[in-house]
Amino acid sequence: MNLVQEIIAENKNQAVPKYTAKDFSSDQDVRWCPGCGDYSILAQVQRVMPELGIPKHNLVFISGIGCSSRFPYYMDTYGFHGIHGRAPAIATGLKVARPDLTVWVATGDGDGLSIGGNHLIHVCRRNVDLKILLFNNQIYGLTKGQYSPTSEYGKVTKSTPFGSVDSPFNPTLLALGAESSFVARTLDRDPKHMQYVIRRAAEHKGTAFIEIYQNCNVFNDGAFFTFTEKESKDENVLFLEHGKPMVFGKQKDKGIKLEGFTPTVVSLTDGKYSVNDLMVHNEKDTMLSFILARMSSFPNLPRPVGVFYQMQRPIYDVEMERQLQLIREKKGVGNLETLLNHGETWIIQ
Amino acid sequence: MAKVLENLDEVTIRFAGDSGDGMQLTGTQFTSTTALMGNDLSTLPDYPAEIRAPAGTLFGVSGFQIHFGSTEINTPGDTCDVLVAMNPAALKVNLRSLRDGGIIIANTDGFDAKNLKLAGYDKNPLENGLTEQFQVFPVAITKLTDLALADMNLSTKLVERSKNFFALGMMYWMFSRPIEPTERWIDDKFKKSPELIEANKRVLKAGYAFGETTEIFAVRYEVKPASLQPGKYRSITGNEAVAWGLIAASVKSGLELFLGTYPITPASDILHELSKHKNFNIKTFQAEDEIAGVTSAIGASYGGALAVTTTSGPGMALKTEGIGLALMLELPLIIVDVQRGGPSTGLPTKTEQADLLQAVYGRNSEAPVPVIAASTPADCFNMAFEAARIAIKYMTPVILLTDGYLANGAEPWLIPQVSSLPNICPTFVTNPEGFQPYSRDEKTLSRPWAIPGTPGLEHRIGGLEKQHITGNVNYEPENHEFMVKMRQNKVDGIADDIPLATVEGDEKGDLLVVGWGGTYGAIRTAVEAKRREGKSVSHLHIKHLNPFPKNLGEILYNFKNVLVAEINLGQLVKMIRSKYLVPALSYNRVLGLPFKASDLEQEIDKIV
Ligand code: SF4
């Protein structure tokens, strides 16, 4: 047993304390702007952590650079504030070296999709057992307000005074395209929903990707208000529930019906359609997940939130351990003497 | 016809052909057998960056040079005595490295009109003029191979592919080497295809027998074993030695080895080698890019692994920010840079020593990182082990510089006793009492290694400036200056913990030739030659480049002249001049090839 394994073994059978959300709050002052959506994300994560039954010392939060990436400083767990865009790669190294740990990544639309886009897609593809929180505020906050890879076409910012001619990414669609085995979207201003999604991500084995619509009240205030504010939310958000027909609207009077491959909004009150005509959500259906993720491109359709897709498939770090175990069983544990002396050697008298 | 047996002290042979002719394999086999014969040796694989460059072209020529002898051999040889040329292009490219009177063994079947034209020959050089300057032996290698396999009904392609074994067999005969080691290798390599075993062995034997019976070879040579230090030897390349040195460090430190890397020439073989030995619990992670290679390794180091990333120049450039992060986090990390010709993509398969300044200085801000370099292929083992020792003891990234020549070159290696390797003793803090992430060991100035999974040590680290002791984010001016100096002092202090530099030759004199890295053999050869002539020349090879050994200045001041020889435009010389204020001279070649000892000798003659 090596030194690290000894530490793991020593602490393995300790009872997990009964934590409260407060136990996950570190001694560092939180330095986000007052009113920032990040506060809610921090609060919901801290609220869900005690439910997971994982001792604090086995939890690690890793981030890159940006407002979102200050996250680890505020969690009373192990924390690692990395460099711009590289959190998924740092986290992959840690998780592969230490599969016993529970590793979360906090990133943003700039950090995760621009400078770190490559790492993000490859983490999803490999299905490393990481939980990724992508704070999407459609702006660069920490550098004081340039457009980001999720900012809409035509966006006026400091770096695009005449409007952006860039087209945005759809993070959820990107994660699906990159083969993430768990893909969800939630809203900073819906604590209950966010807690639900975080819990589901925590339960998932493999890469769990959560896009969180997060309001940057300083540089991009109200970017998601249509979906988060009381007046407009019900008419514009489709809450996905596994096995349930896709109904939305304040009066639950509208639904989504598939016409060919195209989702369309139908009324449930004009007598033409009933709930039975609607699409039924199935988290295991990869085809459906792409259709749902694509709905964001159509302003006439409600914005889906919830778990788009969840599927079990081989997990990189688990597979790596399994392979090492098999090799050790087959070849025997490596012996340095044998290694140095194997193959052709000769003796000089 | 009775053949004359002639004794030679040393010989250099160069096998050259198309990239697809199997010259690297032929060379490696000749090397293994020669090593088994107890000769000292040094090799230089020299191949194009293209995997299968168009046949017959000049740029598609692949060569393998081996210099072996009964005396001490330190270089792959400035010129060769024997050139095996499989086609006109191979002849043309390599002729200038053949000494006057040297032997050419040419595959006449490769010298057809098309190949002659591709190589730019109007007339067949074998029939025109060459014989005045060299001993030319034309052999119809392809036809003879075909003949040996006539009854086997093999495809022309397979026949064509095994002709290199004919050349190898011939050379085994010519230099009195046994064919059995290669036969054993063939048995193992082609164990899935009895047909190929039969074919290749037959051709090998046919080549050997041809030497025996043909009238064209009147002389056969013998090279007696070298008087090497007694013990058990094997042949090893630099890349293998790096991999094994890392494995040894993992075993001796009790830390799991993690390699985060991205394939790049000429470093990829380290990844391949480590991937073979996963029963040592080695985790090799082929990352999506160079940056993920280094940052995943940093993540693994944070978790308590012996973390390594391997690369070459362009990858080094990409890893720069990651290395800065590792030094800010003060986590152990080994970065192996197998230097190649640059800048940019440069000469991927050729050697150079031009990443030194990048390694020592090439990061934003004040970012001191220990840098060490291996001087021979086998020395890569020691230096990889040394990199791990420093990284763990001082909680710091360490850059190990090797180069394309060391990486692919081979030499006999006296296999070390495992028990003689020192233990590396990492310590993980486990006691939460008074734990501070950036408190420091008084002697080494290193901070504690506190790994996730340890109860009560939950803490946050990152690339932002740290407060001394607590490690909290801190922007105070005095603290920043203090920490900048602290990081520098920590690395500078390593000078107390590395071997003093030792001079080969006299401690005082007219000229000190200073080198570092893969030029060791060439400089040693040149300096020895000049010393035999009675010149007052000594050789100093620096293995620790940052910090320098403590006695370096003292040594330099003992010589009237200092000549720094490097395969770059003068990098170590800059460091030496600026640190020790000596008017050091500079000798530089950047041919993508190792130094020639003879060139260096001429340079020495100019000074003393
Ligand atoms: S700049 Fe925007 S995202 Fe950043 S902390 Fe302030 S409000 Fe939040």
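## A loop threonine in chain B

Let's start with T57(B), which sits in the loop of chain B that runs between β3 (40–46) and β4 (61–69). Keep in mind that this is a predicted model. T57(B) has a relative accessible area of 10%, so it counts as buried, the cut-off being under 20%.

What does T57(B) touch, once residues up to four places away in sequence are set aside? Its partners are D18(B), A89(B) and L118(B). The side chain of T57(B) also has a polar atom 3.2 Å from the backbone nitrogen of G60(B).

## A histidine that meets both chains

Now hop along chain B to H459(B), found in the loop between β16 (410–414) and β17 (460–462). A polar atom of its side chain lies 2.6 Å from the backbone oxygen of L457(B).

Leaving out neighbours within four places in sequence, H459(B) is in contact with T77(A), Y78(A) and G79(A) from chain A, and with Y302(B), F435(B), P437(B) and A450(B) from chain B. For a sense of scale, take Q353(B): this residue is 106 residues from H459(B) in sequence, and the two C-alpha atoms are 41 Å apart in space.

## Rings that pair up

Aromatic rings come up a lot here: over all chains, the count is 28 aromatic pairs. One of them joins F61(A) and F71(A), with 5.7 Å from centre to centre and 45 degrees between the planes, which makes it a tilted pair. F61(A) belongs to strand β1 (residues 59–63) of chain A, while F71(A) is in the loop between β1 and β2 (78–81), so the pair ties together parts that are ten residues apart in sequence.

F258(B) and F285(B) are buried.

Back in chain A, ring pairs also build a cluster, and its members are W32(A), Y39(A), F61(A), F71(A), Y74(A), W104(A) and F135(A).

## Charges over rings

K92(B) lies over the face of Y121(B), 5.0 Å from the ring centre. Y438(B) has the charged end of R447(B) over its ring, at 4.6 Å from the centre.

## Around the ligand

Which residues surround the ligand? They come from chain A: W32(A), C33(A), C36(A), C67(A), N137(A), G141(A), Q214(A), C216(A), N217(A), V218(A) and F219(A).

## An exposed methionine

Finally, have a look at M287(A), part of helix α10 (residues 286–294) in chain A. Its relative accessible area is 64%, so M287(A) counts as exposed, the cut-off being over 50%. M287(A) and N11(A) are 276 residues apart in sequence, and their C-alpha atoms are 43 Å apart in space.

Terms used: Residues numbered from 1 in each chain as written. Chains lettered and ligands numbered in written order. Predicted model: local features only at pLDDT ≥ 70, side-chain atom pairs only at ≥ 80, totals over all residues. Heavy atoms only, no water. Phe/Tyr/Trp six-rings, centres within 6.5 Å; stacked < 30°, edge-to-face > 60°. Helix = DSSP H or I, 4+ residues; strand = E, 2+ residues; numbered from the N terminus. Buried < 20%, exposed > 50% of the residue type's maximum accessible area, 1.4 Å probe, protein only. Lys NZ or Arg CZ within 6 Å of the ring centre and 35° of its normal. Contact = heavy atoms within 4.5 Å. Polar contact = N/O pair within 3.5 Å; in protein donor to acceptor, adjacent residues only side chain to side chain. Near = heavy atom within 4 Å.
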